[in-house]
Amino acid sequence: MRTLKAVVRFVLVLFKVIQRSDMLVLGVSGHPVPETIRHGFIYVVSEGKYKKWAYLRCPADQNEIIQLSLMPNRRPRWEVTVDALDRPTIYPSIRQLDGSYAHFWIKRGHIEWCEDSGKRSYHLGPGDIFERKA
């Protein structure tokens, strides 16, 4: 089935029906070893029908590995939905609070950068944010 989806994606990109995806989803049963996490893939760790974790390499810094909780009883948490072509959408946005300070959305397999990406935020108090230009 995965091969058929890859062929359909390839043909749709070839005929410019869709754009080439920045990210695709791979379902895994266990937590991936950092060395096996490839750029351009989101590894979704599931147990049965329950999605638990998502792992990906930061698109701004390939040395950073991002781990997102998908469990509804944890905070913060994210939701990953996958379309028929294995293109992910992640909600809410992903923001690195250190390292690259990347801030982006993943929608239908495409990375959409936020304006404040690359800028460090300083939290002064409840609801107060001071941004220093990088």
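So, how many helices and strands does the secondary structure of this protein come to? We get 1 helix and 10 strands, counting DSSP runs, with helices as H or I of at least four residues and strands as E of at least two, numbered from the N terminus. The order from the N terminus is α-β-β-β-β-β-β-β-β-β-β.

Quick housekeeping. Keep in mind that this is a predicted model, where local features need pLDDT of at least 70 and side-chain atom pairs count only at pLDDT 80 or more, while totals for chains, interfaces and linings use all residues. Numbering starts from 1 along each chain as its sequence is written, and side-chain values use heavy atoms, with hydrogens and water left out.

Overall, 37% of the 134 residues are buried, meaning under 20% relative accessible area, with exposed being over 50% and partly exposed in between (1.4 Å probe, protein chains only).

Now, the helix. Arg9 sits in α1, which covers residues 2-14. What does Arg9 touch, leaving out residues up to four places away in sequence? Ile18, Leu24, Leu85 and Asp86, with contact meaning heavy atoms within 4.5 Å.

Last stop, Val17, in the loop between α1 and β1 (24-28). Val17 counts as exposed because its relative accessibility is 57%.
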